[in-house]
Amino acid sequence: MKNYNNLINKLKQKKQVPDNLFNKIYFSIQNKQKSKTLDFKKLYIKPIHIGVAILFIAFQITTFMPNKALSDNEEFLISAYDNTYYDRFFANINEDFIVWN
Amino acid sequence: MKLTNNTLDDFVKGDMAAFKDIYEATKDFMYNLIYKMVLNSQEAEDLTHDVYIKIYEKRKMYNKEYSINTWVNKIALNHVLNHLKRKQNIFSKLNNIYYHFQNSQKETDISETEDNVALNLLSQIDIKYRTPIILKDIQEVSYEEIAKIMVLPIGTIRSRLNRGRAKLKELYIKEVKDEKL
(Lines give C-alpha, C1' and ligand atoms only; values in the text may rest on other atoms or scores of the structure.)
Protein backbone atom coordinates (compact mmCIF):
# COMPACT_ATOMS: atom_id res chain seq x y z
CA MET A 1 0.00 0.00 0.00
CA LYS A 2 2.87 2.35 0.84
CA ASN A 3 4.40 1.71 -2.56
CA TYR A 4 1.10 2.47 -4.26
CA ASN A 5 0.79 5.74 -2.35
CA ASN A 6 4.31 6.73 -3.40
CA LEU A 7 3.38 5.99 -6.97
CA ILE A 8 0.21 8.08 -6.73
CA ASN A 9 2.14 10.95 -5.12
CA LYS A 10 4.50 10.94 -8.08
CA LEU A 11 1.52 11.01 -10.44
CA LYS A 12 -0.01 13.93 -8.54
CA GLN A 13 2.80 16.23 -9.65
CA LYS A 14 1.07 18.94 -11.65
CA LYS A 15 2.10 20.02 -15.08
CA GLN A 16 2.13 23.74 -15.86
CA VAL A 17 -0.47 24.96 -18.35
CA PRO A 18 1.17 26.70 -21.35
CA ASP A 19 1.09 30.51 -20.91
CA ASN A 20 -0.34 31.55 -24.26
CA LEU A 21 -3.05 28.90 -24.41
CA PHE A 22 -5.92 31.32 -23.67
CA ASN A 23 -4.79 33.66 -26.47
CA LYS A 24 -4.84 30.75 -28.92
CA ILE A 25 -8.33 29.77 -27.77
CA TYR A 26 -9.51 33.40 -28.00
CA PHE A 27 -8.25 33.84 -31.57
CA SER A 28 -9.66 30.50 -32.67
CA ILE A 29 -13.10 31.50 -31.33
CA GLN A 30 -12.88 34.91 -33.04
CA ASN A 31 -11.89 33.32 -36.36
CA LYS A 32 -14.69 30.77 -36.12
CA GLN A 33 -17.25 33.50 -35.44
CA LYS A 34 -15.97 35.59 -38.37
CA SER A 35 -16.21 32.69 -40.77
CA LYS A 36 -19.75 31.92 -39.64
CA THR A 37 -21.22 35.40 -40.28
CA LEU A 38 -21.60 36.45 -43.95
CA ASP A 39 -20.42 39.92 -44.85
CA PHE A 40 -23.09 41.08 -47.34
CA LYS A 41 -21.15 44.21 -48.26
CA LYS A 42 -18.39 42.10 -49.82
CA LEU A 43 -20.78 39.90 -51.77
CA TYR A 44 -20.97 40.55 -55.50
CA ILE A 45 -24.34 38.81 -55.80
CA LYS A 46 -26.62 40.24 -53.13
CA PRO A 47 -29.81 38.65 -51.78
CA ILE A 48 -31.93 41.20 -53.67
CA HIS A 49 -30.44 39.92 -56.97
CA ILE A 50 -31.36 36.36 -56.07
CA GLY A 51 -34.91 37.49 -55.13
CA VAL A 52 -35.41 39.33 -58.42
CA ALA A 53 -34.08 36.32 -60.36
CA ILE A 54 -36.50 33.98 -58.58
CA LEU A 55 -39.46 36.33 -59.30
CA PHE A 56 -38.44 36.60 -62.97
CA ILE A 57 -38.19 32.82 -63.37
CA ALA A 58 -41.56 32.37 -61.63
CA PHE A 59 -43.14 34.93 -63.99
CA GLN A 60 -41.67 33.17 -67.01
CA ILE A 61 -42.97 29.79 -65.89
CA THR A 62 -46.50 31.00 -65.11
CA THR A 63 -46.79 33.00 -68.35
CA PHE A 64 -45.46 30.49 -70.83
CA MET A 65 -46.55 27.33 -69.13
CA PRO A 66 -48.75 25.33 -71.59
CA ASN A 67 -52.40 24.94 -70.66
CA LYS A 68 -53.80 21.62 -69.75
CA ALA A 69 -54.53 19.24 -72.61
CA LEU A 70 -57.94 19.89 -74.17
CA SER A 71 -60.49 17.20 -74.71
CA ASP A 72 -61.69 16.42 -78.28
CA ASN A 73 -64.98 18.15 -77.60
CA GLU A 74 -63.24 21.36 -76.49
CA GLU A 75 -60.93 21.26 -79.51
CA PHE A 76 -63.99 20.95 -81.78
CA LEU A 77 -65.78 23.86 -80.16
CA ILE A 78 -62.78 26.13 -80.43
CA SER A 79 -62.10 25.22 -84.03
CA ALA A 80 -65.79 25.71 -84.86
CA TYR A 81 -65.73 29.17 -83.25
CA ASP A 82 -62.53 30.07 -85.08
CA ASN A 83 -63.97 28.98 -88.40
CA THR A 84 -67.11 31.05 -88.01
CA TYR A 85 -65.05 34.03 -86.85
CA TYR A 86 -62.73 33.84 -89.83
CA ASP A 87 -65.62 33.28 -92.22
CA ARG A 88 -67.35 36.38 -90.97
CA PHE A 89 -64.15 38.36 -91.03
CA PHE A 90 -63.45 37.52 -94.62
CA ALA A 91 -67.10 37.99 -95.50
CA ASN A 92 -66.93 41.55 -94.18
CA ILE A 93 -63.82 42.24 -96.19
CA ASN A 94 -65.49 40.96 -99.26
CA GLU A 95 -68.52 43.09 -98.57
CA ASP A 96 -66.35 46.16 -98.05
CA PHE A 97 -64.42 45.27 -101.16
CA ILE A 98 -67.62 44.99 -103.12
CA VAL A 99 -68.93 48.30 -101.79
CA TRP A 100 -65.69 50.03 -102.42
CA ASN A 101 -65.63 48.72 -105.95
CA MET B 1 -11.19 31.04 -7.78
CA LYS B 2 -14.88 31.14 -6.91
CA LEU B 3 -17.23 31.72 -9.80
CA THR B 4 -20.33 33.80 -9.10
CA ASN B 5 -23.78 33.38 -10.65
CA ASN B 6 -23.26 36.64 -12.56
CA THR B 7 -20.11 35.24 -14.15
CA LEU B 8 -21.98 32.13 -15.25
CA ASP B 9 -24.85 34.24 -16.66
CA ASP B 10 -22.40 36.42 -18.57
CA PHE B 11 -20.61 33.33 -19.86
CA VAL B 12 -23.88 31.88 -21.21
CA LYS B 13 -24.53 35.23 -22.95
CA GLY B 14 -21.11 34.94 -24.62
CA ASP B 15 -19.04 37.39 -22.55
CA MET B 16 -15.30 36.77 -23.12
CA ALA B 17 -14.24 38.12 -19.71
CA ALA B 18 -16.55 35.63 -17.97
CA PHE B 19 -15.21 32.88 -20.21
CA LYS B 20 -11.67 33.83 -19.19
CA ASP B 21 -12.68 33.60 -15.51
CA ILE B 22 -13.99 30.09 -16.12
CA TYR B 23 -10.81 29.24 -18.00
CA GLU B 24 -8.64 30.48 -15.12
CA ALA B 25 -10.70 28.52 -12.60
CA THR B 26 -10.63 25.23 -14.49
CA LYS B 27 -7.47 25.21 -16.65
CA ASP B 28 -5.09 23.47 -14.19
CA PHE B 29 -7.47 20.66 -13.41
CA MET B 30 -8.46 20.16 -17.02
CA TYR B 31 -4.97 20.32 -18.51
CA ASN B 32 -3.65 17.82 -15.97
CA LEU B 33 -6.64 15.52 -16.46
CA ILE B 34 -6.11 15.54 -20.24
CA TYR B 35 -2.34 15.18 -19.90
CA LYS B 36 -2.70 12.11 -17.70
CA MET B 37 -5.14 10.60 -20.16
CA VAL B 38 -3.02 11.10 -23.29
CA LEU B 39 0.46 11.36 -21.67
CA ASN B 40 1.76 13.74 -24.30
CA SER B 41 2.14 17.45 -23.53
CA GLN B 42 1.62 18.69 -27.11
CA GLU B 43 -1.45 16.52 -27.59
CA ALA B 44 -2.77 17.63 -24.19
CA GLU B 45 -2.36 21.28 -25.20
CA ASP B 46 -4.19 20.76 -28.48
CA LEU B 47 -6.99 18.86 -26.79
CA THR B 48 -7.36 21.49 -24.05
CA HIS B 49 -7.58 24.13 -26.78
CA ASP B 50 -10.30 22.17 -28.61
CA VAL B 51 -12.23 21.48 -25.41
CA TYR B 52 -12.38 25.17 -24.44
CA ILE B 53 -13.62 26.09 -27.91
CA LYS B 54 -16.28 23.42 -27.57
CA ILE B 55 -17.24 24.75 -24.13
CA TYR B 56 -17.66 28.26 -25.54
CA GLU B 57 -19.72 27.01 -28.49
CA LYS B 58 -21.98 24.86 -26.30
CA ARG B 59 -22.36 27.50 -23.54
CA LYS B 60 -26.11 27.82 -24.11
CA MET B 61 -26.55 24.16 -23.22
CA TYR B 62 -25.12 24.69 -19.73
CA ASN B 63 -27.66 23.94 -17.01
CA LYS B 64 -27.05 26.05 -13.90
CA GLU B 65 -28.40 23.30 -11.64
CA TYR B 66 -25.07 21.52 -12.12
CA SER B 67 -21.62 22.70 -11.11
CA ILE B 68 -19.64 24.36 -13.89
CA ASN B 69 -16.63 22.15 -13.01
CA THR B 70 -18.64 18.97 -13.52
CA TRP B 71 -20.01 20.21 -16.84
CA VAL B 72 -16.59 21.33 -18.09
CA ASN B 73 -14.88 18.11 -17.01
CA LYS B 74 -17.61 16.01 -18.60
CA ILE B 75 -17.04 17.73 -21.95
CA ALA B 76 -13.26 17.31 -21.56
CA LEU B 77 -13.48 13.64 -20.69
CA ASN B 78 -15.85 12.82 -23.56
CA HIS B 79 -13.67 14.75 -25.99
CA VAL B 80 -10.51 12.94 -24.88
CA LEU B 81 -12.19 9.52 -24.96
CA ASN B 82 -13.44 10.19 -28.50
CA HIS B 83 -9.96 11.32 -29.50
CA LEU B 84 -8.35 8.18 -28.06
CA LYS B 85 -10.94 5.95 -29.72
CA ARG B 86 -10.31 7.63 -33.09
CA LYS B 87 -6.56 7.34 -32.61
CA GLN B 88 -6.86 3.68 -31.69
CA ASN B 89 -8.94 3.03 -34.83
CA ILE B 90 -6.41 4.76 -37.05
CA PHE B 91 -3.52 2.85 -35.49
CA SER B 92 -5.34 -0.46 -35.74
CA LYS B 93 -5.88 0.17 -39.46
CA LEU B 94 -2.29 1.16 -40.02
CA ASN B 95 -0.99 -1.48 -37.65
CA ASN B 96 -0.34 -4.09 -40.30
CA ILE B 97 1.50 -1.69 -42.57
CA TYR B 98 3.55 0.28 -40.07
CA TYR B 99 3.98 -2.35 -37.37
CA HIS B 100 7.73 -1.99 -37.06
CA PHE B 101 7.61 1.77 -37.46
CA GLN B 102 4.99 2.07 -34.74
CA ASN B 103 7.08 -0.02 -32.36
CA SER B 104 10.11 2.13 -32.89
CA GLN B 105 8.17 5.37 -32.27
CA LYS B 106 7.12 6.31 -28.74
CA GLU B 107 3.61 7.74 -28.59
CA THR B 108 4.11 9.38 -25.22
CA ASP B 109 6.71 11.93 -24.28
CA ILE B 110 7.66 10.11 -21.09
CA SER B 111 11.40 9.89 -20.65
CA GLU B 112 13.03 7.18 -18.60
CA THR B 113 13.55 9.29 -15.46
CA GLU B 114 12.48 7.86 -12.11
CA ASP B 115 9.44 10.15 -11.68
CA ASN B 116 8.18 9.33 -15.11
CA VAL B 117 8.24 5.60 -14.46
CA ALA B 118 4.92 6.17 -12.67
CA LEU B 119 3.43 7.82 -15.78
CA ASN B 120 4.77 5.00 -17.89
CA LEU B 121 3.05 2.45 -15.66
CA LEU B 122 -0.17 4.45 -15.78
CA SER B 123 -0.07 4.47 -19.58
CA GLN B 124 -0.08 0.67 -19.60
CA ILE B 125 -3.49 0.48 -17.93
CA ASP B 126 -6.60 0.29 -20.08
CA ILE B 127 -8.38 3.65 -20.45
CA LYS B 128 -11.52 2.17 -18.86
CA TYR B 129 -9.66 1.65 -15.56
CA ARG B 130 -7.24 4.53 -15.97
CA THR B 131 -9.97 7.19 -15.98
CA PRO B 132 -11.30 6.46 -12.45
CA ILE B 133 -7.72 6.28 -11.10
CA ILE B 134 -6.91 9.67 -12.61
CA LEU B 135 -10.11 11.25 -11.34
CA LYS B 136 -10.20 9.72 -7.86
CA ASP B 137 -6.61 9.09 -6.81
CA ILE B 138 -4.73 11.74 -8.74
CA GLN B 139 -7.22 14.61 -9.18
CA GLU B 140 -9.08 13.77 -5.93
CA VAL B 141 -12.61 14.14 -7.24
CA SER B 142 -15.49 12.76 -5.14
CA TYR B 143 -17.28 9.57 -6.17
CA GLU B 144 -20.53 11.50 -6.75
CA GLU B 145 -18.85 13.90 -9.12
CA ILE B 146 -17.03 11.11 -10.98
CA ALA B 147 -20.39 9.39 -11.41
CA LYS B 148 -21.81 12.58 -12.93
CA ILE B 149 -18.78 13.12 -15.19
CA MET B 150 -18.59 9.53 -16.43
CA VAL B 151 -22.38 9.01 -16.42
CA LEU B 152 -21.97 5.71 -14.58
CA PRO B 153 -23.29 4.33 -11.26
CA ILE B 154 -21.00 4.77 -8.25
CA GLY B 155 -20.76 0.97 -7.85
CA THR B 156 -19.30 0.58 -11.34
CA ILE B 157 -16.80 3.34 -10.68
CA ARG B 158 -15.69 1.70 -7.40
CA SER B 159 -15.21 -1.67 -9.06
CA ARG B 160 -13.29 -0.18 -11.99
CA LEU B 161 -11.15 1.79 -9.56
CA ASN B 162 -10.30 -1.34 -7.57
CA ARG B 163 -9.38 -3.26 -10.69
CA GLY B 164 -7.29 -0.36 -11.94
CA ARG B 165 -5.49 -0.01 -8.61
CA ALA B 166 -4.77 -3.75 -8.53
CA LYS B 167 -3.37 -3.63 -12.05
CA LEU B 168 -1.24 -0.58 -11.25
CA LYS B 169 0.14 -2.23 -8.10
CA GLU B 170 0.91 -5.37 -10.07
CA LEU B 171 2.78 -3.38 -12.71
CA TYR B 172 4.65 -1.44 -10.04
CA ILE B 173 5.78 -4.62 -8.23
CA LYS B 174 6.92 -6.07 -11.54
CA GLU B 175 8.85 -2.89 -12.33
CA VAL B 176 10.58 -2.88 -8.92
CA LYS B 177 11.51 -6.56 -9.28
CA ASP B 178 12.95 -5.94 -12.77
CA GLU B 179 15.01 -3.06 -11.41
CA LYS B 180 16.39 -5.24 -8.60
CA LEU B 181 17.31 -7.96 -11.09
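Colleague: How many salt bridges are there between chain B and chain A, and what makes the meeting of K32(A) and E57(B) a salt bridge?

Modeller: In this predicted model, the count between the two chains is three salt bridges. The side chains of K32(A) and E57(B) come to 3.1 Å, N to O, and because the criterion asks for a Lys or Arg side-chain nitrogen within 4 Å of a carboxyl oxygen of Asp or Glu, the pair K32(A) and E57(B) is called a salt bridge.

Colleague: What is the extent of the interface between chain B and chain A, in residues and in area?

Modeller: On the side of chain B, 32 residues are in contact with 25 residues of chain A, and the area buried between the chains is about 2,900 Å², with carbon and sulfur atoms giving 69% of it. Within chain B, the residues that lose the most area to chain A are Y23(B), E45(B) and Y172(B), which together make up 19% of what that side buries.

Colleague: Why is I50(A) called partly exposed?

Modeller: The relative accessible area of I50(A) is 45%, and since buried means under 20% and exposed means over 50%, with partly exposed in between, I50(A) is therefore partly exposed.

Colleague: Why does K20(B) fall in the partly exposed class?

Modeller: K20(B) has a relative accessible area of 37%, and because the class lies between 20% and 50%, the label for K20(B) is partly exposed. K20(B) is part of helix α2 of chain B, residues 16-38, and its C-alpha atom is separated by 9.9 Å from that of T7(B), 13 residues apart along the chain.

Colleague: How do you know that the buried residues of α8(B) line one face of the helix?

Modeller: In helix α8 of chain B, residues 143-150, the buried residues are Y143(B), I146(B), A147(B), I149(B) and M150(B). Seen down the axis of α8(B), these residues fall within an arc of 165 degrees, so they line one face. After α8(B) comes V151(B), with a positive phi near 50 degrees.

Colleague: What pattern does chain A follow along the sequence, and what share of its residues count as buried?

Modeller: Chain A has four helices and zero strands, in the pattern α-α-α-α, and 10% of its 101 residues count as buried. Its accessible surface comes to about 9,300 Å², of which 62% belongs to carbon and sulfur atoms.

Technical notes
Residues are numbered from 1 along each chain as its sequence is written. Chains are lettered from A and ligands numbered from 1 in the order in which they are written. This is a predicted model: local features need pLDDT of at least 70, side-chain atom pairs count only at pLDDT 80 or more; totals for chains, interfaces and linings use all residues. Side-chain values use heavy atoms; hydrogens and water are left out. Buried means under 20% relative accessible area, exposed over 50%, partly exposed in between (1.4 Å probe, protein chains only). Helices (H or I, at least four residues) and strands (E, at least two) are DSSP runs, numbered from the N terminus. The arc is that of the directions from the helix axis to the C-beta atoms. Accessible areas come from the Shrake-Rupley method with a 1.4 Å probe; for residues, only the protein chains shown count as cover. Contact means heavy atoms within 4.5 Å. Buried area is the accessible area (1.4 Å probe) that two parts lose on being put together, summed over both.
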